[in-house]
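This briefing sets out the overall dimensions of a protein model, followed by selected local details. Please consult the sequence and structure shown below while reading.

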Amino acid sequence: MTRQLVLAGVGHAQLDLLARLSIRMPPGWQVTVITSQPAFHYSGMLPAIIAGEAQVDAAQIPVAAIAAAAGMAVQVATITALDAAARTLTLHTGERIAYDLLSLDVGSVPAASAVPGAMEHAHAMRPFRAAVGLLDRLDEAVQSAARGARVPAVIVGAGAAGVEIAFAVRARIRAAGRVPAVTIVDAAITGGLPLAGFAHPSRALAATALARRGIALVQGTVTSVQADTVLLHTPHGDRVLESVATAWVTGPAAAPWLSSAGLPCDARGYPYADDRLALTDDQTAFGGGDCVTLRQAPATPKAGVYAVRMAPILAANVHSVMDDGPPVNRYVPQADFLALLSTGDGRALLRWRGFALESRWAHHLKRWIDERYLRRYGALTPH
């Protein structure tokens, strides 16, 4: 009797499993891949794309084509429901897909905001395709501005992603011959420093790098977003910032259908994964990446560097279950990771174990890491 494996989503954590299955399919199994887009976009390349250093297709891995060439069924669709007890998924078309084994990697969605106008006028940076809307808006604004004119933009969120997006937005405006006026807004900016949660040397280095490039930091809470302005409340009163393009980089949220899937979830609606990345006691569902919370390490950030490390564990364990064996590999999140934030002008900020610097070689290191990652999976592309 043929059994059914479903790969629900193909993100950073799922790519190793896709690669392994394309090389060897355990006998007696059929595989269906459900992906909302036919190509996976590597998020590490997003700042380079916004800065104009790379094209959108440079970050693509054609997962649907890879799966189809390996004999897997492919559904380009959005998942709207999961019933873990019945072992079924429901697609936006209403179609229901049954599975014997599930591997889940659907990522996160932008944190829903009650801020008036945020969802209408700001551009989320996840999923990847949503960020392309920011490029369109920036290019439209730049083209309508006279050469040498000031082009204001606001980045909401002063974490690592927000800082890197701010550098990239500045670079794109500047490359077009306009004057960038980029502001980062976040209530977590304390003492004039971004990157809350980083050690002080990295925060101070980032603040200096931003100031040197004319990017302002404002401590405040956004109260409204309009087509060309951002309203905020600061410790010194209310302010209005001009913004022809607003990026919303405030963190992730769980896909709403996960909390009703019948899986044990945390308070935010993310399913719990054990140290073997199993989501259920009977080991019929596994998951990795942003869409799960690690039961043994619930504070693990929803970041691609962790999803990449989960990928070989998820692949090995799912493949073992398909071979009627136990999932033996354990995932232990790394205590620290190398952070590289591109400044959009040939340099990058580096953070490693309390050490921080800005240099050109850090930018070359980032490019090498990104290109190596893309080459690794791009080699699976059918020709």
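In this predicted model, 64% of the contacts between residues at least 6 apart in sequence join residues at least 24 apart. The protein contains nine helices and 25 strands. Of its 383 residues, 52% count as buried.

**Overall dimensions and surface**

- The radius of gyration is 21 Å, which agrees with the value near 21 Å that a compact globule of 383 residues would have.
- Taken along the principal axes, the box filled by the C-alpha atoms is roughly 70 × 40 × 40 Å.
- The accessible surface amounts to about 16,400 Å², and carbon and sulfur atoms account for 54% of that area.

- Strand β9 covers residues 101-104. Leu101 and Ser103 point one way from this strand, while Leu102 and Leu104 point the other way.
- All four of these residues, on either side of β9, are buried.
- Strand β1 (residues 3-8) runs parallel to β9 and is joined to it by four bridges. Within this pairing, valine 6 stands opposite leucine 102.
- Strand β21 also runs parallel to β9, with three bridges between them. Here the bridge partner of leucine 104 is glycine 287 in β21.

**Aspartate 290**

- Aspartate 290 is located in the loop that connects β21 (285-287) with β22 (293-294).
- Beyond its neighbours within four places in sequence, aspartate 290 is in contact with Gly107, Ser108, Arg126, Tyr270, Lys302 and Ala303.

**Serine 224**

- Serine 224 belongs to strand β15, which spans residues 221-225.
- With a relative accessible area of 13%, serine 224 falls under the 20% cut-off and is therefore buried.
- When neighbours within four places in sequence are set aside, the contacts of serine 224 are Val115, Pro116, Thr229, Val230 and Leu231.

Definitions and conventions:
Residues numbered from 1 in each chain as written. Predicted model: local features only at pLDDT ≥ 70, side-chain atom pairs only at ≥ 80, totals over all residues. Heavy atoms only, no water. Helix = DSSP H or I, 4+ residues; strand = E, 2+ residues; numbered from the N terminus. Rg over C-alpha atoms; globule rule 2.2 N^0.38 Å. Buried < 20%, exposed > 50% of the residue type's maximum accessible area, 1.4 Å probe, protein only. Contact = heavy atoms within 4.5 Å. Areas by Shrake-Rupley, 256 points an atom, 1.4 Å probe, with all protein chains shown as cover. Pairing = 2+ DSSP bridges.
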